[in-house]
Amino acid sequence: MGRLFGTDGVRGVANEGLTAELALGLSVAAAHVLGDAGAFDGHRPVAVVGRDPRASGEFLEAAVIAGLASAGVDVLRVGVLPTPAVAYLTGALGADFGVMLSASHNAMPDNGIKFLARGGHKLDDAIEDAIEAHYDRYGVGDEDWKRPTGGDVGRVRQYTEGFDKYVAHLVAVLPNRLDGIKVVIDGAHGAAARVAPEAFARAGAEVVYTLGAEPTGLNINDGVGSTHLDKLRTAMLEHKADLGIALDGDADRCLAADAEGTEVDGDQILAILAVAMKEAGTLRRNTAVATVMSNLGFKLAMEREGIELVQTAVGDRYVLEEMKQHGFALGGEQSGHVILLDHATTGDGTLTGLMLGARLAATKQTLADLASVMTRLPQLLINVKGVDKSRVETSAELAAAVKEAEEELGSTGRVLLRPSGTEPLVRVMVEAADQVQAKAVAERLAEAVRTYLGS
């Protein structure tokens, strides 16, 4: 059996790979690892449990709560709220840990379980390994642990104040109000379908249109949200709005569209916020954190603006680790995960959108003007399948081909070869001054990968 925990919790097809039994067993294991089960006689652990609107979240939530309560953990059930809301409430309410049921941007049949440590932070790999080891050892049968009885079993309470508490937090941390800004919001039929419009309205924006705002449990991410921007682009033109934001299913990421319906991606959003925070004196150590997949145009923009850039491996968890280790305040990914560590412990799509709106209101500039701080260089990605990805770093022939490509591109281009973490393939990414050159170099390198790493 492979590792249960992936880069963002445990995911799978609900009721197939991700069953009620698995959810219950993992929750018991998490109770013992995160809730300090050895001190149950003198300590009543508390967990915040939330979910996105997926239909499968209903039975998985019941299984998680049953597992936690059976292990002596008191549960605050917050219902349908975004991942960053559950993270915020875990910290704000002083809970021992949090649990979020969501598969983020994945299609509806999938679901996932994400555990959060005290303060609402993502778990370290070692803690996830400990939970998995406990689950593997005891499973859900006759576990070798003392089950609490009587008054020692966990109690379950519906925490109804979570929505208002989280929205109030979002509005309170803004540097200025959004009065005069017209906004279109795509909630992906997800966890922020109610939260995002309410937060923007309380912050002073005029929400002129919403889409993806009627979750049925079956339609999350279905043709809407940050992975499907066409409807948002159209709505921006129809409603003559200033700012469009598209969230994903659990609202931990945000992409945007300007008044002309043009996409503003995570790199551009990060650039806009970096400049704003530098001006406000809140960009700690004058540094932004991004991954190696960020567009070269972002790096060039940061250099021009006098902002330091630190790059990490792909994945928002690596961005967050770097930020926490060195005390940085801003980081993110091209996909729209933006982490504002002074106000959130994870990517928060609604907060990101609000900060964009605040920047528009403060500067009286258009989103297109603000996004022009960086120019996206043409970027081409080719997935080369059926090769030995383990030899990417050791093939001398491939290294020579990469060096030749880098010399051709010079300072206006970039090459990145990256083995997939989950599939037998190598990703070839090339950026260049124009699309024709990017395509030619990428195809040549992809052929080199097939030649030198093929079986």
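Visitor: What kind of model is it?
Guide: It's a predicted model, where local features need pLDDT of at least 70, side-chain atom pairs count only at pLDDT 80 or more, and totals for chains, interfaces and linings use all residues. Residues are numbered from 1 along each chain as its sequence is written, and side-chain values use heavy atoms, with hydrogens and water left out.

Visitor: How many helices and strands are there?
Guide: The chain has 14 helices and 18 strands. Those are DSSP runs numbered from the N terminus, H or I of at least four residues for helices and E of at least two for strands.

Visitor: What's the radius of gyration, and what would a compact globule have?
Guide: The chain has 23 Å, which agrees with the value near 23 Å for a compact globule of 455 residues. That radius is taken over C-alpha atoms, and the globule rule is 2.2 Å times the number of residues to the power 0.38. The C-alpha trace spans about 70 × 60 × 40 Å along its principal axes.

Visitor: And how much of it is buried?
Guide: 56% of the 455 residues count as buried. Buried is under 20% relative accessible area, exposed is over 50%, and partly exposed is in between, using a 1.4 Å probe and protein chains only.

Visitor: What share of the contacts is between residues 24 or more positions apart?
Guide: 72% of the contacts with a separation of 6 or more. A contact here means heavy atoms within 4.5 Å.

Visitor: Switching to charges: how many side chains are positive and how many negative?
Guide: There are 43 positive and 63 negative ones, and the centres of the two sets lie 2 Å apart. Lys and Arg count as positive, Asp and Glu as negative, while His and the chain ends are not counted. The charge is placed at NZ of Lys, CZ of Arg, CG of Asp or CD of Glu.

Visitor: OK, single residues. Where's Ser 294, and is it buried or exposed?
Guide: Ser 294 is in the loop between β12 (287-291) and α9 (296-304), and it's buried, with a relative accessible area of 2%.

Visitor: What does Ser 294 touch?
Guide: Not counting residues up to four places away in sequence, Ser 294 touches Asp 267, Gln 311, Gln 334, Gln 379, Arg 414 and Glu 431.

Visitor: Which non-glycine residues have a positive phi?
Guide: Asn 221 is one of them, at about 65°, and Lys 240 is another, near 50°. Asn 221 is in the loop between β8 (206-211) and α7 (230-239) and is buried at 6% relative accessible area. Lys 240 is in the loop between α7 and β9 (243-247) and is exposed at 65%.

Visitor: Last topic, the largest nonpolar core. Which residues have the most contacts inside it?
Guide: Phe 200 and Leu 330, in a core of 68 residues. Helix α8 (residues 266-280) gives the largest share of this core, 8 residues. By nonpolar core I mean a set of buried Ala, Val, Leu, Ile, Met, Phe, Trp, Tyr and Cys residues joined through side-chain atoms within 4.5 Å.

Visitor: Which residues does a second core include?
Guide: Ala 29, Phe 97, Phe 115 and Leu 123 are included in that separate core of 32 residues. In soluble globular proteins, nonpolar side chains tend to be buried together.
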